[in-house]
Amino acid sequence: YDVSDANTNEAIQVTRTVIVQDTTVPVITLAGDAEVKIEVGSTYTDAGATAEDNYDGDITASIVAVNPVDVNTVGSYTVTYDVSDANTNEAIQVTRTVIVQDTTVPVITLAGDAEVTIEVGSTYTDAEATAEDNYDGDITASIVAVSTVDTDVVGSYTVTYDVSDANTNEAIQVTRTVIVQD
């Protein structure tokens, strides 16, 4: 500031420095849900996020997203979004949880016929079954077969096959009818 008194004596000049700075952090906003569930083996496309800054405006293009989602492995994954403005103000990190789950039931397939007829007193050897799961693959060894077949008594009997995968998805039970006749 410059000033002088009535006698034209000038004062010593004083200055004030005004620093205009940006200390406001940008804001990240998730697009879509904060938690997403998908089936193992499916395709996952992240919905992304947007970022706004009070000084720089739309800085969505500067977002750094880390997406570790493995669609082929059951588990919970965290996608993170980070951004800084031109003045190095860092936004509060935003996250999305992606849960890769296995909800698909295994499939049991009978080997041989669904109905078998044998002679009373003969030996019955079951043709068994196989089981496939979308995530665990061949789970035939895990099949539990229950047979009521009594080859010494004429009648109709059932062999049932059950299996569940490692994620406790139970297959639709499959049965074979065994008719013991004379």
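**Exercise 1. Find which residues Thr160 touches, leaving out those up to four places away in sequence, and decide whether Thr160 is buried or exposed.**

Solution. This is a predicted model, so work with it as such.
- Step 1: Locate the residue. Thr160 lies in strand S13.
- Step 2: List its contacts. Thr160 touches Val144, Ala145 and Val146, and also Gln173, Val174 and Thr175.
- Step 3: Check the surface. The relative accessible area of Thr160 is 16%. Buried means under 20%, so Thr160 counts as buried.
- Step 4: Look along the chain. Ile92 is 68 residues from Thr160 in sequence, and their C-alpha atoms are 56 Å apart in space.

**Exercise 2. Work out how strand S13 is joined to S12 and where the two strands sit in their sheet.**

Solution. 
- Step 1: Recall the general idea. Strands of a sheet pair through backbone hydrogen bonds, in parallel or antiparallel fashion.
- Step 2: Apply it here. S13 covers residues 155-162, runs antiparallel to S12 and is joined to it by four bridges. Val146 has Thr160 of S13 as its bridge partner.
- Step 3: Place the strands. The sheet is open, has four strands in the order S9-S14-S13-S12, and its pairing is mixed.
- Step 4: Inspect the edges. S9 (115-119) and S12 (144-147) each have a single partner strand, so one side of each is without a neighbour in the sheet.

**Exercise 3. Identify the side chains with which the side chain of Asp126 makes polar contacts.**

Solution. 
- Step 1: Find the residue. Asp126 is in the loop between S9 and strand S10 (129-133).
- Step 2: Collect its contacts. Not counting residues up to four places away in sequence, Asp126 touches Val159, Tyr161 and Arg176.
- Step 3: Pick out the polar contacts. The Asp126 side chain makes one with the side chain of Tyr161 at 2.3 Å, and another with the side chain of Arg176 at 3.0 Å.

**Exercise 4. Describe the largest nonpolar core and the surroundings of Val83.**

Solution. 
- Step 1: Count. The largest nonpolar core holds 18 residues, and Ile28, Val69, Tyr81 and Val83 have the most contacts inside it.
- Step 2: Trace the strands. S3 (49-53), S6 (75-82) and S7 (94-101) each supply at least two residues of this core.
- Step 3: Turn to Val83. Leaving aside neighbours within four places in sequence, its contacts include Pro26, Ile28, Ala51, Ile59 and Ile63.
- Step 4: Look for another core. A second, separate one has 15 residues, among them Ile118, Ile139, Val159 and Ala171.

Note on methods
Residues are numbered from 1 along each chain as its sequence is written. This is a predicted model: local features need pLDDT of at least 70, side-chain atom pairs count only at pLDDT 80 or more; totals for chains, interfaces and linings use all residues. Side-chain values use heavy atoms; hydrogens and water are left out. Two strands pair if DSSP finds at least two bridges between them. A nonpolar core is a set of buried Ala, Val, Leu, Ile, Met, Phe, Trp, Tyr and Cys residues joined through side-chain atoms within 4.5 Å. Buried means under 20% relative accessible area, exposed over 50%, partly exposed in between (1.4 Å probe, protein chains only). Contact means heavy atoms within 4.5 Å. A polar contact is a pair of N or O atoms within 3.5 Å; within protein, one must be able to donate a hydrogen and the other to accept it, and residues adjacent in sequence count only if both atoms are side-chain atoms.
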